[in-house]
Amino acid sequence: MIDTLALRTLVALDSAGSVTATADALGYTSAAISHQLQKLSRYLGAPVTERTGRGIALTPMGRELSRRGAELLQDLESLETDARARSGEPRGRITVGGFSTGIRGVLVPSLPLLKDTAPELTITNIEEEPDELIDMVTAGRIDASLIFDWREAPPQLPSTLKSELITVDRADIVMHRDHHLAARGRVSRQDLLGEVFVSAPRNGVCHRWLTALFDPLNTEPRIEYWAMEYDTQIEFVRAVGALALVPRLGRPHLPDDVTVVELDDPSIARWIYLVWRASMSASPAIALLLEQMRAVAEVAAGEVTASEVADASPSKWQPEPQRPWLAT
C-alpha cells in the first residue's frame with residue numbers, strides 16, 4: 001500500500017513547485033522530501049518526478065497520482081474527523097497557527113477556557129506571517145489558523161479551506177503624550193499628512209495596511225523608522241515622537257508617556273478569521289475553538305465581561321445541534 005506520508009509529500013510538491021518550498025510547507029528538510037519521493041518511485045516501480053534543469057517536476061504518472069492522492073488524503077482526514085465527532089466531545093491534538101497579536105489577543109486567553117471545557121483536547125500553536133499561514137493549513141502542516149485582512153471581504157482561499165469571521169478589530173494612532181495631536185479626541189487622514197511614522201517592514205501585511213490608510217489622499221505615509229514588533233514601534237513613539245498605527249486586539253501595554261487617539265474612520269480595521277481545512281469541518285475541536293475565540297474577542301471589544309464568558313462556558317462542552325457554517 002502507498003505510504004500516506006510519501007503521498008502527502010508528492011501532493012505538496014505538486015502545489016509548492018520545488019523541493020525547498022515543499023520542505024518549508026511540511027516542516028521537513030529537503031533531504032527528507034527527496035527521500036520520500038524516491039521511496040514512492042521505488043515502491044511504484046516508476047519515477048514520479050523528473051529533472052527539469054536545476055529543479056524537478058512531476059511525471060505524467062506523478063501528476064495523476066497527486067490529483068487522486070489529494071482527494072484521497074482529504075477523504076482520510078474527513079473520515080478521521082467524522083469518527084472523532086461521533087463522541088460529540090473535542091479531543092485529540094490540533095495545531096493552530098496565527099500572527100503575533102492574534103495569538104496574544106485571542107488564542108492565549110482562550111486556552112484556560114478550552115482546558116476547562118475540553119480536558120481531552122490539546123492545542124499547540126505556531127506563529128508566522130499571515131501570508132504563510134494559509135499555505136501551512138492547505139499543506140496540512142497545521143490544522144487551523146488565525147488570519148486577517150484589511151478589507152471587508154471574505155478572504156480568497158483555496159476550495160479545500162473554510163473560514164469564519166471571529167471579530168473586526170479597529171486600529172488607532174499611538175503617539176507620545178507631548179505630540180501636538182495628542183489632545184485630539186479623534187484624528188483624520190488629513191491630520192496625519194506629513195507626520196513621521198514607524199512601520200512594520202516594507203511590503204509586509206501591516207506595512208501595506210499603513211500605506212492603504214493614505215490611498216484616498218493619493219499619497220504615502222512618511223515612514224522614517226522600521227520595526228516588526230509593536231512593542232518596538234512603541235519605543236520609537238517614546239524616543240523620537242513617531243506615530244504608529246496599532247490594532248486594539250493584542251495591543252501591548254502602553255507606557256504612561258504614550259497615548260492613543262482614535263481614527264475618525266471606523267473602517268480602518270482588520271477582519272480576523274479562523275481558517276481550517278474543509279475535511280475537518282465536522283471536528284468538535286474546530287467548533288469549540290471558534291466559539292471560545294469569538295467569546296474572548298467580545299471581551300476584548302468590551303461587548304461582554306470575562307465573567308460572563310466564564311459563566312456561559314459549561315463544565316463539559318456540548319455541541320450545538322446545528323452549525324450552518326460547518327455545512328457550507
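Guide: In what follows, a residue is buried at under 20% relative accessible area, exposed at over 50% and partly exposed in between, with a 1.4 Å probe and protein chains only. By that definition Asp149 is buried, with a relative accessible area of 16%. This is a predicted model, in which local features need pLDDT of at least 70 and side-chain atom pairs count only at pLDDT 80 or more, while totals for chains, interfaces and linings use all residues. Residues are numbered from 1 along each chain as its sequence is written, and side-chain values use heavy atoms, with hydrogens and water left out.

Visitor: Where is Asp149 found, and what is it in contact with?
Guide: Asp149 is part of strand E5. Helices (H or I, at least four residues) and strands (E, at least two) are DSSP runs, numbered from the N terminus. Setting aside neighbours within four places in sequence, Asp149 has contacts with Ala269, Arg270 and Trp271. A contact means heavy atoms within 4.5 Å.

Visitor: And overall, how many helices and strands are there in the chain?
Guide: The protein chain has 11 helices and 12 strands. Of its 328 residues, 46% are buried. When contacts between residues at least 6 apart in sequence are considered, 73% of them join residues at least 24 apart.

Visitor: Back to E5. Which residue there has a ring paired with Phe99?
Guide: Rings of Phe, Tyr and Trp (its six-membered ring) pair if their centres lie within 6.5 Å; planes under 30 degrees apart count as stacked, over 60 as edge-to-face and the rest as tilted. This rule gives five aromatic pairs. In one of them, the ring centres of Phe99 and Phe148 are 4.5 Å apart and the planes stand at 75 degrees, so the pair is edge-to-face.

Visitor: Changing topic: at what angle do H1 and H3 cross?
Guide: The axes of helix H1 (residues 4-16) and helix H3 (residues 30-44) cross at roughly 110 degrees and come within 9 Å. H1 is therefore roughly perpendicular to H3. Axes are lines fitted to C-alpha atoms, for helices over the stretch in contact, and angles run from 0 to 180 degrees between N-to-C directions. Angles under 35 degrees count as roughly parallel, over 145 as roughly antiparallel, 65 to 115 as roughly perpendicular and the rest as oblique.

Visitor: Which residues make the contact?
Guide: H1 contributes Leu5, Ala6, Thr9, Leu10 and Leu13, and H3 contributes Ile33, Gln36, Leu37 and Leu40. Ala, Val, Leu, Ile, Met, Phe, Trp, Tyr, Cys and Pro count as nonpolar, Asp, Glu, Lys and Arg as charged, and the others, Gly among them, as polar.

Visitor: What about H5 and H9: at what angle do their axes cross?
Guide: The axes of H5 and helix H9 (residues 284-300) come within 9 Å and cross at roughly 120 degrees, which means that H5 is oblique to H9. Residues in the contact include Leu107, Leu113 and Leu114 of H5 and Leu288, Leu289 and Met293 of H9. By class, this contact has nine nonpolar, four polar and no charged residues.

Visitor: One last topic. What is the phi of Asn203 and of Asn218?
Guide: Asn203 has a positive phi of about 75 degrees, and Asn218 has a positive phi of about 55 degrees. Most residues other than glycine have a negative phi. Asn203 belongs to the loop between strand E8 (196-199) and helix H7 (205-213) and is exposed at 56%. Asn218 lies in the loop between H7 and strand E9 (222-226) and is exposed at 75%.
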